[in-house]
Amino acid sequence: MKIAAEQIASVLGGEIVGNPAVEVSTLAKIEEGTEGSISFLANPKYAHHIYTTKASVVIVNKTFEPEHPVSATLIKVDEAYKAFSKLLEYYNQVKLMKSGIEQPSVISEGVEYGEDLYLGSFCYIGKNVKIGNNVKIYPNTFIGDNAQIGDNTVLFAGVRIYSETVIGQNCTLHAGVIVGSDGFGFAPNEDGTFNKVPQIGNVIIEDNVEIGAASTIDRATLGSTIIRKGVKLDNQIQIAHNVEIGENTVIASQTGVAGSTKIGKNCMIGGQVGIVGHITIGDNVRIQAQSGVTKNLENGAAVQGSPALPHSDFLKSYSYFKNFSKIVSDIDSIKKKINE
């Protein structure tokens, strides 16, 4: 898709210096720009690239004044970096602007859907599903009975939504996400075998949530597993049954949260973190990557290590640990002198 510089300037509220009719069809770094691409200049240390770039259009700050001739058309804005981010969002929206129902696909009885639905090939929509306006459902997606999906939500290829799941507005679920699978509930018998505990709850995902590829969110045993509004989950994350994650919390890849744990709002949790079940993590908590959290954490806590310690304590302890062999040697020397 080609778009003219004047149209981009209109979207960004920018001022054009150069040819307003020049068209671009791709995005690029300024040092890698080619004809027909658009780039941006925000960091002054990259300013020299603007005189050699082959990009057709470059977004710059209003304060930028070239010291040498520039071949690219410039779009001057208040903040080039934010403007380019806005352009990326606009580009993504245009790219995803699909509608229509492709075949083969299955829409069961009782399904209700709004305007501008896109349903890709080989999708299955179960009974009594409710789908809002402008929802995009990519090929090979399964949506179980009685699920609900809000306006402007995108389900990429291969997503699996089990029955009774509720997904809010403006959510994005990337390829391979599974929502509503059974929680890990088994009761031990005296002979060492296990009986499965039925998982009859559901999952509720509120508005503006993004879930990375191949992540799994289990349905509750009873009640709901809840992902509050604004939560961002990375790829390959496991959220167990009856977990609740508070508003605007972000969690990096390969983290696992065990059952019935409650995580507060505005938390930042690094990759490969393990969190045990049935604990409470407060608001604004910071958990460093590869930590193991085994107990409740108060609001504002910052922890690291396994088992997790307060971050400052971990750093002090680690400074001793990495010199542990020398410390032991020094203690042995002192003991030897005392014995002598």
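**Figure 1. Gln254 in the loop between β31 and β32 of the predicted model.** Gln254 has its place in the loop that runs between β31 (250-251) and β32 (256-257), in a model that is predicted. The phi of Gln254 is near 65°, a positive value in a residue other than glycine. Most residues other than glycine have a negative phi, and most peptide bonds are trans. With a relative accessible area of 40%, Gln254 is partly exposed.

Figure 2. Asn242 counts as buried, because its relative accessibility is 14% and the cut-off for buried is under 20%. Pro104 is found in the loop between β8 (100-101) and β9.

**Figure 3. The open sheet of parallel strands.** In this sheet, 10 strands are arranged in the order β9-β12-β15-β18-β21-β26-β29-β32-β35-β38, and the pairing is parallel. Its edge strands, β9 (106-107) and β38 (292-293), each pair on one side only. Within the sheet, strand β12 (residues 124-125) and strand β15 (residues 142-143) run parallel and are joined by two bridges. Ile125 has Ile143 as its bridge partner in β15.

Figure 4. Five strands form an open sheet with the order β2-β7-β6-β5-β4, in which the pairing is mixed. The edge strands here are β2 (15-17) and β4 (26-27), each of which pairs on one side only. Strands β5 and β6 pair in the parallel sense over four bridges, and Leu41 stands opposite Val60 in β6. Helix α1 packs on the sheet, where it touches β2, β5, β6 and β7, and its direction makes about 10° with that of β7. Helix α2 also packs on the sheet, touching β4, β5, β6 and β7, with a direction that makes about 150° with that of β5.

**Figure 5. The buried face of helix α1.** Helix α1 spans residues 5-12, and Ala5, Ile8, Ala9 and Leu12 are buried in it. Seen down the axis of α1, these buried residues fall within an arc of 100°, so they line one face of the helix. The helix is followed by Gly13, whose phi is positive, near 65°.

Figure 6. Leu41 has its place in strand β5 (residues 37-41) and, at 7% relative accessibility, counts as buried. When residues up to four places away in sequence are not counted, Leu41 touches Ile30, Tyr46, Ala47, Ile50, Val58, Ile59, Val60, Asn61, Phe64 and Ala80. Leu41 and Tyr81 are 40 residues apart along the chain, while their C-alpha atoms are separated by 7.5 Å.

Figure 7. One is formed where the side chains of Asp78 and Lys62 meet (3.3 Å, N to O). This pair links distant parts of the chain, 16 residues apart, with Asp78 in the loop between β7 (73-77) and α2 (80-95) and Lys62 in the loop between β6 (57-61) and β7. Asp78 counts as exposed, at 61% relative accessibility, whereas Lys62 is partly exposed, with a relative accessible area of 43%. The side chains of Asp182 and Lys196 also meet in a salt bridge (3.0 Å, N to O). That pair links distant parts of the chain, 14 residues apart, with Asp182 in the loop between β21 (178-181) and β22 (186-188) and Lys196 in strand β23 (residues 194-196). Asp182 counts as partly exposed at 36% relative accessibility, and Lys196 counts as partly exposed at 45%.

Figure 8. The side chains of Arg228 and Glu244 meet in a salt bridge (3.1 Å, N to O). Arg228 lies in the loop between β27 (224-227) and β28 (232-233), and Glu244 lies in strand β30 (residues 244-245), so the pair ties together parts that are 16 residues apart in sequence. Arg228 counts as partly exposed at 25% relative accessibility, and Glu244 counts as partly exposed at 24%.

Note on methods: Residues are numbered from 1 along each chain as its sequence is written. This is a predicted model: local features need pLDDT of at least 70, side-chain atom pairs count only at pLDDT 80 or more; totals for chains, interfaces and linings use all residues. Side-chain values use heavy atoms; hydrogens and water are left out. Buried means under 20% relative accessible area, exposed over 50%, partly exposed in between (1.4 Å probe, protein chains only). The arc is that of the directions from the helix axis to the C-beta atoms. A salt bridge is a side-chain nitrogen of Lys or Arg within 4 Å of a carboxyl oxygen of Asp or Glu. Two strands pair if DSSP finds at least two bridges between them. Contact means heavy atoms within 4.5 Å. Axes are lines fitted to C-alpha atoms, for helices over the stretch in contact, and angles run from 0 to 180 degrees between N-to-C directions.
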